[in-house]
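Please keep the sequence and the coordinates at hand while reading.

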Number of protein chains: 2
Amino acid sequence: MAGAGGADRTGAEKLGYLGLGMMGFPMTRRLINAGYDVTVWNRSAGNAIALVEAGAKLAAQPREVAAAADIIFMCLTDAAAVEEVAFGPDGLATAAGQGKLVVDFSSIHPDAARAIAARLTTANGMGWIDAPVSGGTKGAEEGTLAVMAGGDAADIEKVRPYVLAMARRLTHMGPTGAGQTTKLCNQVIVGCAMAVLAEAARLAVNAGIDANRLPEALAGGFADSIPLQLFVPRMVQGIHSPPAGHIATMLKDLDTVIDVARDTSSPVPMSALAAQLFRLAKAALGADADALEIYKLSASQTG
Amino acid sequence: MAGAGGADRTGAEKLGYLGLGMMGFPMTRRLINAGYDVTVWNRSAGNAIALVEAGAKLAAQPREVAAAADIIFMCLTDAAAVEEVAFGPDGLATAAGQGKLVVDFSSIHPDAARAIAARLTTANGMGWIDAPVSGGTKGAEEGTLAVMAGGDAADIEKVRPYVLAMARRLTHMGPTGAGQTTKLCNQVIVGCAMAVLAEAARLAVNAGIDANRLPEALAGGFADSIPLQLFVPRMVQGIHSPPAGHIATMLKDLDTVIDVARDTSSPVPMSALAAQLFRLAKAALGADADALEIYKLSASQTG
């Protein structure tokens with residue numbers, strides 16, 4: 001049955017989406033607008049209502065989503081939430097799973113992804129693709145996310161058309177866990193960029209330069225990036241709503257980087273320092289502060 | 001007199017260029033090809049010959065360039081070289097200077113730029129624009145450099161058409177020294193990016209991911225940048241000729257960052273760590289190694 005988008009989706013797989021937060025909500029809305037049959041579940045009902053009005057079906061537990069859908073997407077806070085949805089009392093593992101695929105957009109430890117995938121396949125035959133995303137809520141709303149995937153190549157080709165209704169790019173990086181590892185590389189770059197841009201902006205301000213003009217002055221060169229253009233003005237002007245991301249989320253990812261780096265004998269001094277700076281920022285500003293508020297660490301607290 | 005480019009430049013200012021190295025040579029060639037009258041000087045004669053064949057006039061000392069030109073560009077290695085060209089026995093200060101402008105593309109300490117500018121104006125009335133560039137030799141060849149300038153606004157407007165024959169962008173950032181300070185912000189970002197991308201690439205390789213695919217997987221997202229696209233494949237494949245820059249040059253710039261940061265009470269922990277990593281790389285690989293060889297710091301040296 002086609003959703004509100006009206007496209008002819010006869011023959012399309014039935015879809016599910018678990019977790020309708022800052023990422024899951026706009027991603028699901030894109031699936032509905034593209035005309036797909038989507039059954040949704042969220043721990044709290046709030047966000048689900050708007051999606052049901054747009055054409056989604058509401059399930060009471062993850063198991064109902066697994067029963068209704070062939071491909072089950074999810075985007076959850078952390079590995080504990082993914083495990084609960086997969087193996088809790090009314091979790092995915094309690095449904096018939098053969099021939100079904102889970103696509104997990106959550107960012108979790110690669111070891112956790114591998115363990116959950118193996119346990120779920122053993123439990124009910126469900127396939128698993130780890131598919132963390134980059135691009136933030138803006139990318140989720142505009143369908144411009146980059147998805148880095150680990151898993152079986154044929155499985156990934158099967159879900160590609162549906163993922164590309166929510167993302168601009170889906171890259172298969174290797175076996176299960178490879179998507180999560182790639183996301184960690186992404187977070188090394190983005191987390192360090194936040195800490196580095198905060199330094200560059202503070203140096204400019206303290207040396208008497210208008211830091212708001214740095215994006216223009218450096219545009220098109222080696223120092224240019226989306227974070228330079230978006231983050232520096234927000235840091236300097238103190239614009240933190242909506243957040244670029246929460247400090248606790250960035251810190252969680254960088255701590256995972258450090259963990260994987262230790263396991264693979266990879267020196268990551270810059271990432272380790274960035275993690276400590278975000279830990280300082282968390283102590284000073286709180287876990288839910290905007291990650292870009294790391295800039296405030298170097299502000300004068302007197303006067 | 002028009003150069004080889006053949007454009008009608010009647011009424012244009014006469015130009016000079018001091019320092020025909022990896023940046024100065026292609027920048028001067030662009031001025032000649034644009035049809036400008038250019039008098040050149042270099043400490044050694046080598047590079048000058050090809051430019052003379054293309055239409056440049058060769059001067060025996062910086063003083064001759066100052067006598068022949070209204071606007072004198074230069075791009076030199078360090079502050080000592082700039083001081084020698086300005087105040088040496090046959091330097092710019094020994095020529096009549098009233099109404100003439102020096103545009104210094106070199107990257108030097110903002111304090112040095114301010115001191116040299118003040119001393120030269122006192123000596124012979126020459127105006128000074130500090131105008132360091134970003135974009136490397138490729139940007140110099142293609143005329144896509146970003147120039148960040150400090151100095152008098154009217155002076156900068158006067159040189160703008162000539163600079164834009166060599167660059168895509170010229171941004172006036174403030175009074176004398178502001179261009180150099182902006183370049184330091186650029187180097188904070190680029191130097192840290194090299195150290196961070198080396199970590200991300202090594203983590204990927206050690207965790208079993210094909211790091212050559214990171215640029216594709218992360219394209220268009222927050223982690224994307226020209227350095228991601230250009231530098232990561234070169235690091236992973238060991239392509240270091242031509243160099244992205246010399247380790248000693250990046251280290252010099254980061255040491256200047258740390259100096260200015262101290263003077264302005266600006267905490268720069270990420271830049272300070274990056275400087276130490278480049279210092280390790282210089283000790284291990286030599287001053288003239290490619291800056292991207294910082295990736296080799298984390299390679300196994302056994303087996």
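Chain B and chain A bury about 5,300 Å² between them, and carbon and sulfur atoms give 74% of that area. Buried area here is the accessible area (1.4 Å probe) that two parts lose on being put together, summed over both. On the side of chain B, L203(B), F222(B) and M270(B) lose the most area to chain A, and together they give 16% of what that side buries.

The model is predicted: local features need pLDDT of at least 70 and side-chain atom pairs count only at pLDDT 80 or more, while totals for chains, interfaces and linings use all residues. Residues are numbered from 1 along each chain as its sequence is written, chains are lettered from A and ligands numbered from 1 in the order in which they are written, and side-chain values use heavy atoms, with hydrogens and water left out. The pLDDT is the predictor's confidence in each residue, from 0 to 100; for chain A its mean is 94, and 97% of the residues reach 70 or more. For the complex, the predictor gives an ipTM of 0.91 and a pTM of 0.90.

Counted by contact (heavy atoms within 4.5 Å), 63 residues of chain B meet 63 residues of chain A. Polar contacts between the two chains, counted with both residues at pLDDT 80 or more, amount to 16 residue pairs. Such a contact is a pair of N or O atoms within 3.5 Å; within protein, one must be able to donate a hydrogen and the other to accept it, and residues adjacent in sequence count only if both atoms are side-chain atoms. Several elements of chain B each supply at least two residues of the side that touches chain A, among them β8 (145-150), β9 (167-174) and α8 (178-206). The largest share of that side, 19 residues, comes from α8(B). Helices (H or I, at least four residues) and strands (E, at least two) are DSSP runs, numbered from the N terminus.

How are the two chains related? A rotation of 180° with 0.0 Å of shift along its axis superposes chain B on chain A, with an RMSD of 0.1 Å. The two copies are thus related as by a two-fold rotation axis. In chain B, the C-alpha nearest this axis belongs to S225(B), 2.6 Å away from it. The superposition is by least squares on the C-alpha atoms of residues with pLDDT of at least 70 in both copies. Of the interface residues of chain B, 100% are also interface residues in chain A, so the copies meet through the same surface.

Salt bridges pair a side-chain nitrogen of Lys or Arg with a carboxyl oxygen of Asp or Glu within 4 Å. One salt bridge joins the side chains of R114(A) and D111(A) at 2.9 Å, N to O. These residues are about one helical turn apart, because three residues separate their positions in helix α5 (residues 110-124) of chain A.

Finally, the backbone. S241(A) and P242(A) are joined by a cis peptide bond with omega about -5°, and P242(A) lies in the loop between α10 (226-237) and α11 (247-263) of chain A.
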